[in-house]
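Hello,

Here is the structure I promised to pass on to you. Have a look at it first, and then read on for what turned up in it.

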Amino acid sequence: MFSHIMIGTNDLDRAKTFYDSLLSTLEVRPAKVDGHRIFYFTKTGVFSVTKPINGEPATCANGGTIGFAANSPEQVDKWHAAGVAAGGTPIENPPGVREGAGNKLYLAYLRDLDGNKICAMHRMPS
C-alpha cells in the first residue's frame, strides 16, 4: 500500500548487512547500492535506507513503525530470529498472535541498528 519507505542510517554497510539478512527471510533479494543509499525492490513497494543528505546524524522516528508483510507465522519467526542474530533488539512482546478490532495478526517487533522500530506481520485467517 506504499510506493516506498526510506529510513536513515549512520552506517550504510552495517545497515545493508542487517537488512539483507532480515529481509531474505521474507524472500526479498539483497539491496542494490546507489551511492549513499540502498534499495530493496519488491512487487508491492520499495524499502530504502540512506545516509541523511543534510549531513546530520540519522535518528529514528518517535512513534513510527515500518511493517513488513510475511506469508506465515513461521516466516515472522524466521524474520525475528534473523534480525536478532544480525544485531537487532527485540522489543514489546515476543513474536505471537495479537487480536483487536476483529483482526488476528501474528507480529514480531525489533529495533534495527539505528533504533528504527520495525515489525513483521502475518494476517491470520478469521
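**Aromatic pairs and the core around them**

Phe 41 is partly exposed, because its relative accessibility is 49%. Its partner is another phenylalanine: the rings of Phe 39 and Phe 41 are stacked, since their centres lie 5.7 Å apart and their planes meet at 20°. Phe 39 has a relative accessibility of 15%, so this residue counts as buried. Please keep in mind that this is a predicted model.

How many aromatic pairs does a search of the whole structure find? The search gives six. Besides the stacked pair of Phe 39 and Phe 41, there is a tilted one: Phe 68 and Trp 79 have ring centres 6.5 Å apart and planes at 45°, which is why the pair is classed that way. Phe 68 belongs to strand β5 (residues 66-69) and Trp 79 to helix α2 (residues 73-85), so the pair ties together parts 11 residues apart in sequence. Are these two buried or exposed? Both Phe 68 and Trp 79 are buried.

You will meet Phe 68 and Trp 79 again in an aromatic cluster, which they form with Phe 18, Tyr 19, Tyr 40 and Phe 47.

In soluble globular proteins, nonpolar side chains tend to be buried together. Here the largest nonpolar core has 24 residues, and the members that touch the most others are Tyr 19, Leu 23, Tyr 40, Phe 47, Phe 68, Trp 79 and Ile 118. At least two residues of this core come from each of α1 (12-24), β3 (37-42), β4 (45-50), β5, α2, β8 (103-111) and β9 (117-123). Helix α1 supplies the largest share, six residues.

Leaving aside neighbours within four places in sequence, Tyr 19 has contacts with Ile 7, Ser 24, Tyr 40, Phe 47, Val 49, Phe 68, Asp 112 and Ile 118.

Last, a word on strand β5. In a regular strand, the side chains alternate between the two faces of the sheet. In β5, Ile 66 and Phe 68 make up the covered face, whereas Gly 67 and Ala 69 make up the uncovered one. Strands β5 and β9 run parallel and are joined by four bridges, with Ile 66 opposite Ile 118 of β9.

Enjoy looking around!

Best wishes

Key. Residues are numbered from 1 along each chain as its sequence is written. This is a predicted model: local features need pLDDT of at least 70, side-chain atom pairs count only at pLDDT 80 or more; totals for chains, interfaces and linings use all residues. Side-chain values use heavy atoms; hydrogens and water are left out. Rings of Phe, Tyr and Trp (its six-membered ring) pair if their centres lie within 6.5 Å; planes under 30 degrees apart count as stacked, over 60 as edge-to-face and the rest as tilted. Buried means under 20% relative accessible area, exposed over 50%, partly exposed in between (1.4 Å probe, protein chains only). A nonpolar core is a set of buried Ala, Val, Leu, Ile, Met, Phe, Trp, Tyr and Cys residues joined through side-chain atoms within 4.5 Å. Contact means heavy atoms within 4.5 Å. Two strands pair if DSSP finds at least two bridges between them.
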